[in-house]
Amino acid sequence: MSDVLPPSEAGQVGARRLDALHLLTLSAALATLLLLGGVVVFLGIEGAPALSGTSENLPAGASSIWALAWPLLYGSVWASFLAILLAVPVGVGVAVFAVFMARGALGRWLGTAIDVLAAVPSVVYGLWGLAVIAPRAVPVYEWLSTRLGWIPFFAGTPSTTGRTILTAALVLAVMILPIVSSVSREAIRLVPSSSTEGAQALGATRWEMIRTVVLPEARSGIVAGVMLALGRALGETMAVAMVLSPKPFLVSLRLLTSENPGTVAAYIAQNYPEAHGLEVNALIWLGLLLFAVTFAVSFLARAIVRRSGGGSR
Amino acid sequence: MRIARKRRIADRGFTIALACCGLLALIPLISVVWTTASRGLRRLDWDFFTQSMRGITGAGGGALHAITGTLLITFAATLIAVPIAIGTALWLVEYAAGSTSPVIRALARTVRAVIDVMAGIPSIVAGLFMYAVIAVTVGPGYRSGLAGAMALVIIMVPVVERSGEEVLARVPSELHEAALALGVPKWRMILKVVLPTALPGLVSTLLLGVSRIIGETAPLLLVAGFTDSMNYDLTDGRMVSLPVYVYSQWQNKGVDAAAYDDRAWTAALVLLAGVVLLHGLARLVVRRRNQTR
Amino acid sequence: MTIEIENLNAYYEGLQAVSDVSMSIPERAVTALIGPSGCGKSTLLRCINRMHEIVPGARVGGGVRLDGADLYAADADPVEVRARVGMVFQRPNPFPTMSIAENVLAGFRLRGERLSKADSESVIERALHSANLWDEVKDRLKRAGTSLSGGQQQRLCIARALASRPDVLLMDEPCSALDPASTQAIEDLIAMLRAEHTVVIVTHNLPQAARVADRVAFMATTETGDGGHLIEYGTTDEMFNHPVRSATQDYIAGRFG
C-alpha cells in the first residue's frame, strides 16, 4: 500500500508519460512571452543608436532625441486628454442609459451600434474626420475664436481648413467612445441590485440613486475603462496622421489654429517614408517611448482596479 | 413640496441628458456609415474588384491587388496567431489553473501579465518591432506581406487569447469529469471534449480577432509597404492591403484628385462592409449555439 | 469484483475529508454510502476510481484494492483505473456535441479505441438495453444526447459508463437532480444492474438506500476538521432495523443530518 502520495505524483502518473499536449500548449504560452520579449529587445537594439544622435543626423534637425520626443509626447498626451474629456461624459451617459433605461430591443440596438463604432477601421475615421468633421468645424472655430478668443485655448487665428488638434481630438473621442461605454456598462451592471433597490426603497429618484449609489460603486471599473481608452488614444496613429499636419517642436495650448503639435504615433507614420539612416532609429526609439507610456497607463489602470475592486469581489 | 418638485425636475433633466448621450453616440455612427456608403458607391463597380492600379494615373483602376493582399496577409497572420493564442489559453485554463506547483502558477501569472501588456501595444509599435527585426536580420529595405502579417500577430494574439480563455473557461467542469471518469487521458479529453464543446465560441473569437486586424493600417504601411501591382507572394516584395490602399489613395493624389478620393472611399466602404460582416457572423455563430442548447 | 478499502484517508488542500476508512464491498451487490452533508461519502466514492485527485491540491493516503490489485500502486495508471471503474454523477452530463449513439460510445471514442460498425452497433444496443433506455431512444439514436429529458439523460450516462463493461459502477447521488418518475426508473435500473455488477451508490435519500441497497455504510464526522469516519456498516436490514451505534440510530430516525 502506498503512503500519502504527493498530489503531483498522484495525479500525473499516466499524464506525465503521455501528455504531449501539455508540452505543446506550454510552448504556445512561452511563445507569447517570447513575442513580447522580442518586441522590447528589438526595439531597444534598433532604437538605442538614436540616443547618440545630434542635429546633424536626427529628423527635423533636432538637437537631441529628447528635443524631438518631448513636444511629440506633449502632443500625444494633450490630444488624448482632450479626447477623454469629450468622450467620457457621453460614454458613461450611454452606459447608464443602456443599463437603466434602454431595456429590450432599444438596448440591444444601442449595444450593436456601439460595437460597430468600435469596429470601424482607423483609416475610415481619418477620411471621415477630414471629409465631415473638419469642414463643419471651421465656422464653429471662427465663432469660438471671435467670442471666446480671450481664453488662451481659443486664442490665435482659427484654421481655415479645420485640421486642428481639437478636430483630431474629436475624431479620437468618437474612436474611444465605445471602449469607455462598454467597460462602464460592465462596471455598472456589476453594481449589486441590493444597492440600487436599497436606494430606491429609501425614496431616492433614479437620478439620486445613480449619483449616490451606482456611480460611486462602479467608479473603479469606469476609471479602468477610461485608462484603457487613454492607452488606445495615445497609440492611435492613422486618424491623427490624416487629420493633423503638425509643426515640429511646437508645444501649444491653442486648439483652433493651423499650427498644432504632433503626436508620437502620427509623427512616426508621417515621417517614416522619407526617413533614412539614424532618422529611422529615432523613429523606432520614439515607438519604444510610446510603448513605455501606454504600458504605464495600463499598469496604472490595473493597479486601480486591483486596489478598489479586489476587496469587494 | 418645493423640494420634491426640484427633485422631480432634476430627475427629468437627468433622464433627458442620458437620452441625449445615447443619441449623441449614434450621430457619428450614422454619419460614418452614411458618408462612407454614399461616397463609396461612386466607384463600387466591376472594375474595382477586377483590376489593380498598375499603370493607372487618373480615373479607373481598382483594388484587386489590395483585396488580395488583405486576404493573404490576414490569412497568414491568423494562421500564426491563432495556434499561439488558443494554445496559450488552453495551457492557462486546462493545465496551469489545476496545478499546485508554484513554478507553474508563477509562470501563468507572468503569461497573463504579458498578454495584458501586449493588448496595450499601439499597432504602430508592432509595425516598428517588425521593422527592427527586419533591420537586424535581413537588412533594412526588405518589405513583404509576411512581415506585415507578423506585425499583425502581435496585435491579434492578445485579442484571441483573452476571449479564447473566457470561452474555454465556460466549458462545464461536469464534462471534464464525465470524460476523465471514462478513463480518458487528459490530452484526449481536451482535444475531443473541451475543444469541440467550445468550438462555436472559439470560431466567434477567431472572427472578432480577424475583424480586429483586417482594418489595421499603420504596421502594414511600415513593413508591407505599398504597390500598385498584384503580388501573390507573401515572402517577396511589397504587398498592399485595403487600409493601406485607402491611405495611399488619399495621401498621394494624382492629377485627377477626385478619382483618387473616390477609390479611397470605395475601398473604405468595402473594408467597413467586411468588418461589419465579420461581426455579424461572429454573433450568429454564438447565437446558433445558444439556440441548440 | 470485490473492493477492499484499507485505511483510506483523503484530503483537500489542508482539509481532511475522509478519515481512516476500511471496508470491504462485495461483488454483484449494491452498496449504499449514506450520511449527512460533508461526511466525505462522495469523496470516498471518488477515491475508488481515482477521480478525487483531479482536484488541485487533493491527496489520498491508504489504499483501494480491486480483486486484490492495488489501485494506488506506484505503477497504477489512474486513467486505466477510471476505464475499469465507471462513474455516474449527480447531474446528468452527456456530451453536448455528441448524438445519443456517440454518447454511448464516448468511452471508446475518447480513449481512441476503434470499433467496427457491427461492434459499435451491438455495444450501443447492449448498453442502452442495460440502461433500460433502448425502447425510448432506438428510433432517434442520431439526435443530440442533450435533447433527452433529465431522467433519460441520466440513463444515457449510465449506458455510457456500462458500454465499456466496467468492473464496478460508482453512482454519486444519481437521482438528486431528477423528478420522482425518473428517480423510479433509475432505481428500477439499479435493481437490474445488481445481477451482474458491483454497484456503489452515494445517496442522501434514506428510503432510496433502503429500497436499492444490499448493504449500507453510514459515515459521519466525529469532530470538525477531522474528516468523515465510517461509523457503521452492515446489511440494509441490520442498518435500518437494528443499528448498533447511537449515531446511526439518530441519523436513521431523522434526528440529524
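The conversation below takes up the chains and then some single residues.

User: What kind of model is this, and how are its residues, chains and ligands numbered?

Analyst: This is a predicted model, in which local features need pLDDT of at least 70 and side-chain atom pairs count only at pLDDT 80 or more, while totals for chains, interfaces and linings use all residues. Residues are numbered from 1 along each chain as its sequence is written, chains are lettered from A and ligands numbered from 1 in the order in which they are written, and side-chain values use heavy atoms, with hydrogens and water left out.

User: What makes chain A more spread out than a compact globule?

Analyst: Chain A has 11 helices and zero strands, where helices (H or I, at least four residues) and strands (E, at least two) are DSSP runs numbered from the N terminus. Its radius of gyration is 25 Å, well over the 20 Å that the globule rule gives for 313 residues, so chain A is more spread out than a compact globule. The radius is taken over C-alpha atoms, and the rule is 2.2 Å times the number of residues to the power 0.38. Along the principal axes, the C-alpha atoms of chain A fill a box of roughly 90 × 65 × 30 Å.

User: Why is chain C called as compact as a globular protein of its length?

Analyst: With 11 helices and 10 strands in chain C, the radius of gyration is 18 Å, close to the 18 Å from the globule rule for 257 residues, and chain C is therefore as compact as a globular protein of that length. The C-alpha trace of chain C spans about 55 × 40 × 30 Å along its principal axes.

User: How many of the residues in chains A and C count as buried?

Analyst: A residue is buried under 20% relative accessible area, exposed over 50% and partly exposed in between (1.4 Å probe, protein chains only). By that rule 54% of the 313 residues of chain A are buried, and in chain C buried residues make up 56% of 257.

User: What do carbon and sulfur atoms supply of the accessible surface of each of these chains?

Analyst: Chain A exposes about 13700 Å², with 65% of it from carbon and sulfur atoms, whereas for chain C the surface comes to about 10300 Å² and the share is 47%. Such areas come from the Shrake-Rupley method with a 1.4 Å probe, and for residues only the protein chains shown count as cover.

User: Why is C:Gly228 called buried, and what is it in contact with?

Analyst: C:Gly228 belongs to strand β10 (residues 228-235) of chain C, and its relative accessibility of 0% makes it count as buried. Contact means heavy atoms within 4.5 Å, and apart from neighbours within four places in sequence the contacts of C:Gly228 include C:Ala17, C:Val18, C:Cys39 and C:Met219. C:Gln16 is 212 residues away from C:Gly228 in sequence, with a C-alpha to C-alpha distance of 8.1 Å.

User: How do you know that C:Thr198 has a polar contact with C:Arg28?

Analyst: A polar contact is a pair of N or O atoms within 3.5 Å; within protein, one must be able to donate a hydrogen and the other to accept it, and residues adjacent in sequence count only if both atoms are side-chain atoms. A polar atom in the side chain of C:Thr198 lies 3.4 Å from the backbone nitrogen of C:Arg28. C:Thr198 sits in strand β8 (residues 198-202) and counts as buried at 1% relative accessibility.

User: Is C:Arg28 itself buried or exposed, and what is its phi?

Analyst: C:Arg28 lies in the loop between β2 (15-25) and β3 (30-34) of chain C and, at 52% relative accessibility, counts as exposed. Its phi is positive, about 45°, although C:Arg28 is not a glycine. Most residues other than glycine have a negative phi.

User: Why is A:Ala60 called partly exposed?

Analyst: The relative accessible area of A:Ala60 is 49%, and therefore A:Ala60 is partly exposed. A:Ala60 is found in the loop between α2 (20-47) and α3 (65-101) of chain A, with a positive phi near 55°.

User: What makes A:Ile210 and B:Thr78 buried?

Analyst: A:Ile210 has a relative accessible area of 0% and is buried; its place is in helix α8 (residues 206-235) of chain A, and the residues it touches include A:Val96, A:Phe100 and B:Phe14. B:Thr78, in helix α3 (residues 64-96) of chain B, is also buried, with 12%, and its side chain reaches the backbone oxygen of B:Thr74 at 2.6 Å.
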